[in-house]
Amino acid sequence: MPAKTTERRAFVASLRPMLPGALTLGAGLVVWQLISLAYLPVFFPGPGTLAQRMIELYGEPSNYVVVGETLWRIFEGFLIAMLIGTVLGLLMGLKRGIEIFFDSWIMMLLSFPAICWAFLSVLWFGISQVAPIFTIVLIVFPFVAMNIWAGTKAVEKDLIAMGRVYKAGRLLLLRKVLIPSLSPYLFSSLRTALSLSWKIALVGEAFGVGSGVGQQLINWFQDGRVDMMLAWGVSFMIVMVIIDLLVFRMWEWRVFAWRPRFAT
Amino acid sequence: MWGCKGRVAAPSALPPAELQRAKGQSAPSQQSTEPEATVPAITIDKVTKRFLAPGGQTRFIVLDDISLIVGDGEFVSIVGPSGCGKSTLLNIIAGIESYDTGTVTIHPRVAAANAQPRIGYVFQSPRLLNWLTVEKNIHFVLEAQNVPRSKWPDLVAKNLAMVGLAGQERNYPLNLSGGMQQRVAIARALAIEPDILLMDEPFSHLDAITARKLRFDLMDILQRAKPTILFVTHDLSEAVFLSNKIHMMSTRPARIFKRVMIDIPRPRQPEDARVVELEKNLLREFFSVVEA
């Protein structure tokens, strides 16, 4: 039938933009598989082996507890770092004195080696829940503070002047002018902070907690099982991508509803 | 708190002699030398402001001994070349810029015990909060001015209708054209029921056709709401079309060199012979001073 043919043609045409991506992805998988043939599966697993290991992981209920523990640590560290970073960044942007005082401190913290914090926190807090959270906070909050600080500097002075002309109080200016102006910076901070937090959390766990995904990684590392390490790593990456998509993208979409969208 | 010394300036602040006739005018009735017996809304008495030149010790004078009175319900324009300090003067009146000597007094229409005068301000660009709907942009200033919430819906509806934007309450500013955004800014300024309305070249960023339309609409609003307006512009024809009084400013020195009263009845037409004639005469005089 001609109607059905045009429909099918339209469907095929709509797939066309995805073609290059699909091709490179397919080619990558083929190359990966070919290389893996030269090695033992535990040392360099091919895509098929990796998928199999991941399915095994998902079948084991205790693994969800492991992921849950790690997620909770990330959440705590991330939240504390976001809070400290946002408040400090705001204060630095608004108060000259605070800016001068913290400026060099932030720069120093940003340059301090992350791995040092991981080791130091183990020495200071021992094998405990505090160690990885402490590490996350110390590494992440300077990033957030610097980002929000830059955002505060970029707030349109004209809008602040408008608010002052109409006698808007500090709180009203903060709620309706400053924070909405900062929201692009807040969102970029949120996402950077989250991706940093989870990477650091795994390192922290590997060194000094004895539980969580990081612990799994170090165990499999000691057994020389690359396939299991990759299975854990990729699975965890998928969890974080889903959180990013579900929480931040949708939230961002709602917050920026005022931006005109071009009709498609 | 914002530069008001809280005293009513003596009538001598504005010597009647300064209210000159425009030279070479054809119809004397269009202008009068008699100061009107209106209640003052803004009194600016011998205000001087200096800026320290960046890096150097030299101070240059932004405003040099400026005195003027805006009567209640009047439309007064300040016309001058860019950089003559017109906007600075508005900011001083609005209380967001300091000055060195002189007094600025704003007289609230309703003489309540501790009434702060309400100041509406329309800027060159709309300065809307793009993340808030049109309605919430107006709520912002109402909240800032502590207007009771129960009055908000009426004030929003009335003033949006006044600027021809009824029905746009829930729209976001970036979905509106530049002219419509500026209308929202005007509605926002009117919504607080201002004692005085300051306008800083509000139409200069718009295309000629939109600007012309907005001038007509402003004229229409004047007939209905009778706000007191101090209007700053570099466009003399705009000033002649809209104003009751024009103060012409020069750059160096930053002074008012001529004051004109315009009696042409409203509503006016920009092509009206009296408007055109007056404009021509004032332009000649304006450039003879400014270009000197």
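Chain A is split by the domain assignment into domain 1, residues 1-35, and domain 2, residues 56-255; the bounds come from an automatic or database assignment. The C-alpha centres of domain 1 and domain 2 of chain A lie 38 Å apart.

Before going on: this is a predicted model, where local features need pLDDT of at least 70, side-chain atom pairs count only at pLDDT 80 or more, and totals for chains, interfaces and linings use all residues. Residues are numbered from 1 along each chain as its sequence is written, and chains are lettered from A in the order in which they are written.

Next, a helix pair. In chain A, helix 7 (residues 130-153) and helix 9 (residues 170-208) have axes that come within 8 Å and cross at roughly 160 degrees. Helices here are DSSP runs of H or I, at least four residues, numbered from the N terminus. The axes are lines fitted to C-alpha atoms over the stretch in contact, with angles from 0 to 180 degrees between N-to-C directions. So helix 7 of chain A is roughly antiparallel to helix 9 of chain A, the term for angles over 145 degrees. The residues of this contact comprise 15 nonpolar, 10 polar and one charged. Ala, Val, Leu, Ile, Met, Phe, Trp, Tyr, Cys and Pro count as nonpolar, Asp, Glu, Lys and Arg as charged, and the others, Gly among them, as polar.

Last, the chain contact. It takes 17 residues from chain A and 18 residues from chain B, contact being C-beta atoms, placed from the backbone, within 7 Å. On the chain A side, helix 8 gives the most, seven residues. That side has 11 nonpolar, one polar and five charged residues.

Definitions and conventions: Helices (H or I, at least four residues) and strands (E, at least two) are DSSP runs, numbered from the N terminus. Angles under 35 degrees count as roughly parallel, over 145 as roughly antiparallel, 65 to 115 as roughly perpendicular and the rest as oblique. Two residues are in contact if their C-beta atoms, placed from the backbone, lie within 7 Å.
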